[in-house]
Amino acid sequence: MKRTILYFVTMITLALGACSKKDDVAPDFKEENLAPFSIEFDNIVGDRTFSLNNTGSPYTNAAGEKFTISRLQYFISNIKLTTVSGQTYTVPQDSSYFMIRGDDRASRFTKVKVPEGDYTKVSFVIGVDSLRSTMPVDKRKGVLDPAAGDHQTDGMYWGWNSGYIFLKFEGNSPVVSDDANGDPTGKKQFKYHIGFFGGYSAPTINNIKTVTIDLNAAGIAKVRKNRQSNVHLFVDIMKVFNGKNSFKIAENPNVMFGAFSSLIAENYTAMFTHDHTEN
Amino acid sequence: MNSRHLTVIFLLGLFILACKKDGLVMEKAERWLGFKKPANFPEPVYKLANNPVTREGFELGRALFYEPRLSRDNTIACGSCHIQSSAFTQHGHDVSHGIEDRLGTRNSPPIMNLAWNKAFMWGGGVYDLDLQPITPITAHEEMDESLANIYAKLQAMPKYRAMFKAAFGSEEIGTVPFMKALSQFMVMCISSNSKYDKVMRKEAGASFTALEQEGYMLFKEKCASCHSEPLFTDGSFRNNGLGIGPINDQGLYPATLKETDLYRFKVPSLRNLSYTGPYMHDGRFLTLNGVLEHYNAEVQDTPNLDPRLKRDGVLGIRLSSDDKMKLTAFLSTLNDTEFINNKLLAEQ
């Protein structure tokens with residue numbers, strides 16, 4: 001009896017296996033069966049493409065303020081995927097930290113390895129999780145190295161208040177005042193440095209945001225060894241100003257440490273839309 | 001029985017001393033004691049298992065500590081504001097003095113018993129010794145340099161390539177070996193041989209004078225709840241009632257943004273007070289007497305004043321001139337001349 005069952009099961013499995021090859025049904029989910037996968041963070045600004053320092057044709061936010069962008073950098077980390085049938089895969093943390101830079105087009109892909117499969121959901125953290133933010137210096141390699149970048153320009157590490165800047169967004173707008181509230185150097189610069197992971201011991205502001213994207217509508221990710229599956233997201237930087245907590249540059253030209261940073265973090269959580277998937 | 005034991009120990013001690021004197025140079029070259037917890041200290045907070053102190057690592061850390069290339073214009077080393085003879089503070093300076101004569105806003109704290117610290121800086125914000133050096137290195141008014149530039153400067157020097165190789169197995173200079181080396185030097189800056197320590201460890205012949213003993217009793221009654229033994233700080237952040245200074249330094253608040261942290265500063269250790277003046281986060285008191293008088297009569301009821309400084313509606317801690325004399329006598333037993341003269345910790 002048992003043998004018969006075993007026989008049947010084997011036959012069915014074989015049959016299914018045969019089918020899957022023909023119709024490209026998702027292969028069995030095996031954690032060790034890794035294939036290339038990426039999410040593309042394609043920055044845009046409202047209805048327009050992203051460009052740095054385009055003083056000839058500045059952008060305009062919902063408040064009617066004209067602005068240009070001089071720097072855009074943000075961390076994407078802790079990538080996680082879910083298959084059609086609900087299996088989840090979390091990319092090993094050590095290979096799951098990326099910095100997307102507006103001045104480096106190549107940085108827009110977060111290239112990882114995940115098991116072959118059909119994925120309907122991806123999620124990621126904007127910023128650096130609290131656990132990694134408190135890890136010893138040995139666990140801060142690559143984009144997490146406090147020495148990466150210059151602290152006065154493109155650095156993403158806060159030395160005096162140990163932690164990472166999750167999103168650094170700087171630019172210029174004629175609405176920025178020349179006083180201490182704006183830019184006393186007269187360069188009309190605005191600066192948004194959003195960080196805060198929740199504190200080492202006592203709880204502080206926590207601006208770590210997790211974004212989950214459903215891929216069903218614009219195309220699921222079919223990850224296979226012989227191709228590069230790429231989930232192409234549009235990242236609308238305009239949402240920093242025009243999100244649910246919309247604000248004026250003139251009123252808040254510098255946001256770094258303070259409760260207002262949490263409103264901006266809520267805004268940028270809505271930057272991401274799934275445009276299509278390249279399989 | 002007891003006295004016989006003592007005699008044996010005494011004789012053994014003499015024997016060891018004699019040996020040491022004979023082969024001092026040999027001993028120095030061959031033996032590396034590494035990090036040793038003083039008998040009267042608790043277990044360290046610093047995770048030594050993640051960064052065991054080796055002779056090579058310590059020597060590299062020491063070289064880096066005294067290396068002016070850590071500042072942008074190669075003029076200021078860590079050791080410039082943390083001078084050993086002042087128990088690794090900058091004696092005579094109320095606030096730290098950086099490159100191009102720039103002035104900071106806070107008094108440079110001693111590099112002393114840092115392995116027992118769970119938070120760094122007067123205003124907190126840093127909780128891992130391995131990440132602390134980033135703050136003074138990158139601060140505009142201190143060393144104003146980037147880590148990457150430092151690594152490039154050191155990488156060009158055969159001396160450092162060899163030292164990094166010897167300490168960490170690779171000539172490549174980066175954040176991990178750089179920070180670990182500095183920590184290895186800093187955790188070795190242990191002050192534990194003051195008269196107080198010798199009395200507590202019941203070392204031969206060590207005892208308080210009557211005045212010191214009375215001061216010790218007063219200290220336990222009036223000071224020890226924050227400046228707890230044996231480190232003489234409980235490592236907490238408190239508002240000790242200083243009048244708010246002209247720059248309105250808000251202490252721990254900017255790091256946590258919690259109203260309850262306004263004007264709280266790290267409780268400093270009372271060890272080596274004779275060498276570490278001026279006192280307080282902004283160096284406002286030039287003498288110990290000024291500090292004691294603050295607690296006696298100048299405590300102000302600013303937000304988050306520590307409740308210990310406002311008991312039954314009375315501000316401060318009453319100290320008569322007799323009390324002050326006794327306390328001063330006791331506090332001077334916390335001076336550690338071995339620490340400030342330890343050749344191992346000096347620039348070589």
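Start by selecting helix 4 of chain A and colouring what its buried residues pack against: strand 8 (117-126), strand 10 (163-172), strand 11 (189-195), strand 12 (209-214), helix 3 (239-242) and strand 15 (254-255) of chain A. Helices (H or I, at least four residues) and strands (E, at least two) are DSSP runs, numbered from the N terminus. This is a predicted model, where local features need pLDDT of at least 70 and side-chain atom pairs count only at pLDDT 80 or more, while totals for chains, interfaces and linings use all residues. Residues are numbered from 1 along each chain as its sequence is written, with chains lettered from A and ligands numbered from 1 in the order in which they are written.

Now show the side chains of helix 4 (residues 260-268) of chain A: Ser261(A), Ile264(A), Ala265(A), Asn267(A) and Tyr268(A) are buried. Buried means 20 or more other C-beta atoms within 10 Å of the residue's own, with exposed at 12 or fewer and partly exposed in between; C-beta atoms are placed from the backbone. They sit on the same side of helix 4 of chain A because they cover an arc of only 155 degrees around the axis, the arc being that of the directions from the helix axis to the C-beta atoms.

Next, zoom out to the domains. Chain A splits into domain 1 (1-30) and domain 2 (33-278), with bounds from an automatic or database domain assignment. Their centres, taken over C-alpha atoms, are 43 Å apart. Four residues of domain 1 of chain A are in contact with eight of domain 2 of chain A; contact means C-beta atoms, placed from the backbone, within 7 Å.

Bring chain B into view. The contact between the chains takes 22 residues from chain A and 23 residues from chain B.

In chain B, pick helix 3 (residues 55-65) and helix 8 (residues 175-187), which pack at an angle of about 95 degrees with axes 7 Å apart. Axes are lines fitted to C-alpha atoms, for helices over the stretch in contact, and angles run from 0 to 180 degrees between N-to-C directions. So helix 3 of chain B is roughly perpendicular to helix 8 of chain B, a label for angles of 65 to 115 degrees. Residues to click include Phe58(B) of helix 3 of chain B and Leu182(B) of helix 8 of chain B, both part of this contact.

Last stop: Lys266(B), in strand 2 (residues 265-266) of chain B. Why is Lys266(B) counted as buried? Because Lys266(B) has 21 C-beta neighbours inside 10 Å. Lys266(B) touches Ala119(B), Trp122(B), Gly124(B) and Phe237(B), not counting residues up to four places away in sequence.

How values were computed. Two residues are in contact if their C-beta atoms, placed from the backbone, lie within 7 Å. Angles under 35 degrees count as roughly parallel, over 145 as roughly antiparallel, 65 to 115 as roughly perpendicular and the rest as oblique.
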